[in-house]
Amino acid sequence: MTVSPTPTPAATVEQVSESELLSVFLPLSKTASSYVEVGPGDDCAVVAVPQGRVVITTDTQVVDQDFRVRWPNGYETTGADTAHKCAAQNLADIAAMGAVPTSMVVSMTLPGNTPVQWVQDFATGLAEAFDRLGATDCALVGGDLGRGRELSVTATVLGVMEDGNPVLRSGAGAGGTLVHVGALGLAAAGLSALEAPPGSGWDRVPEHNRRELERAQLRPLAPILTGPKAARAGVSAMIDISDGLLRDAGRVARASGVVVDLDPAALEEAVAQLAEAGNAAGVDPWRWVLTGGEDHGLLAVLPPGVQVPPGCVR
């Protein structure tokens with residue numbers, strides 16, 4: 001039997017086999033947790049389901065559709081950036097059901113010229129994202145690494161209901177209170193900054209402020225821990241804001257058969273935070289706050305008499 005040498009980070013995907021790529025990918029990933037009974041390496045993973053109820057979500061990121069390898073402002077997306085976004089958007093869906101994420105499988109299609117270092121950065125970035133977002137019991141348990149013409153990443157995440165029933169979009173009732181936790185408009189402003197070439201109005205925004213907004217798009221801080229807490233607090237409906245406050249609030253309204261009223265005063269702080277950037281970009285910051293997605297905050301409805309959970313804006 002011939003033992004293949006460990007590929008160097010400077011190598012590209014087309015220069016190594018799948019097993020060689022996995023040999024430098026999996027050791028950098030988080031592959032164990034209290035829920036994982038069998039991790040990567042077998043035909044399937046085995047994940048414990050203590051309460052017998054599983055929630056599942058999946059999402060795909062495709063280059064030049066959902067992100068760019070190199071943005072017009074010159075920023076180059078790292079493997080860690082892509083991993084964090086992958087984690088945030090999927091974990092937020094689990095949290096919106098009031099569940100706790102337990103495991104993830106990832107399928108990556110990689111052009112042959114993709115550096116092995118990018119793949120390694122994805123592995124470490126995914127582990128870091130689990131920790132930073134509070135999904136400490138979530139682990140990577142399998143997936144697939146393959147070659148193709150376009151870079152794409154598809155993740156499927158499983159979660160468990162620790163207490164009670166899943167929180168659905170259809171649970172809002174008349175007289176309830178709409179609450180939100182997380183950022184609003186930051187990721188949309190960050191996208192505008194990333195898409196702006198040098199010499200644009202964005203150059204008038206202090207660099208540290210600009211970088212903070214770009215990071216909100218590349219690595220959104222979805223409030224994962226709040227989902228199960230909100231479920232225990234008694235929220236009756238919940239959704240991950242991935243497509244903008246207005247659109248996602250409308251989804252709750254349609255699913256529940258109610259009318260949702262937004263209080264502009266509750267949004268003024270988020271709008272004021274983006275005023276300088278909006279002036280530089282020539283965009284009304286209300287547009288980012290109301291229609292910008294990808295912050296992956298949580299929007300929930302509290303029945304009458306239920307107190308607003310800590311950290312939420314009503």
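Helix α4 is mostly covered, with seven of its 10 residues buried (buried means under 20% relative accessible area with a 1.4 Å probe, protein chains only). This is a predicted model, so local features need pLDDT of at least 70 and side-chain atom pairs count only at pLDDT 80 or more, while totals for chains, interfaces and linings use all residues. Residues are numbered from 1 along each chain as its sequence is written, and side-chain values use heavy atoms, leaving out hydrogens and water.

**Helix α4 and its partner α5**

- The buried residues of α4 are Leu 186, Ala 187, Ala 188, Ala 189, Gly 190, Ala 193 and Leu 194.
- They pack against α5, α8 (264-273) and α10 (285-291); helices here are DSSP runs of H or I, at least four residues, and strands are runs of E, at least two, numbered from the N terminus.
- The axes of α4 (186-195) and α5 (207-218) come within 7 Å and cross at roughly 110°; axes are lines fitted to C-alpha atoms, for helices over the stretch in contact, with angles from 0 to 180 degrees between N-to-C directions.
- That angle is why α4 and α5 count as roughly perpendicular, a label covering 65 to 115 degrees.
- On the α5 side, the residues that meet α4 are Arg 210, Leu 213, Glu 214, Ala 216, Gln 217 and Leu 218; contact means heavy atoms within 4.5 Å.
- The residues of this contact split into 10 nonpolar, two polar and two charged (nonpolar: Ala, Val, Leu, Ile, Met, Phe, Trp, Tyr, Cys and Pro; charged: Asp, Glu, Lys and Arg; polar: the others, Gly among them).

**Helices α2 and α3**

- α2 and α3 pack at about 40°, their axes 7 Å apart.
- That makes α2 oblique to α3, oblique being what remains once under 35 (roughly parallel), over 145 (roughly antiparallel) and 65 to 115 degrees are set aside.
- Among the contact residues are Ala 83, Cys 86 and Leu 91 of α2, plus Trp 118, Phe 122 and Leu 126 of α3.
- This contact divides into 10 nonpolar, four polar and two charged residues.

**The cores**

- The largest nonpolar core has 55 residues, and Leu 91, Met 104, Val 106, Met 108, Phe 122 and Leu 126 touch the most other members; a nonpolar core is a set of buried Ala, Val, Leu, Ile, Met, Phe, Trp, Tyr and Cys residues joined through side-chain atoms within 4.5 Å.
- The largest share of this core, nine residues, comes from α2.
- Apart from it lies another core of 29 residues, among them Trp 202, Leu 245, Ala 249 and Val 301.

Terms used:
Buried means under 20% relative accessible area, exposed over 50%, partly exposed in between (1.4 Å probe, protein chains only).
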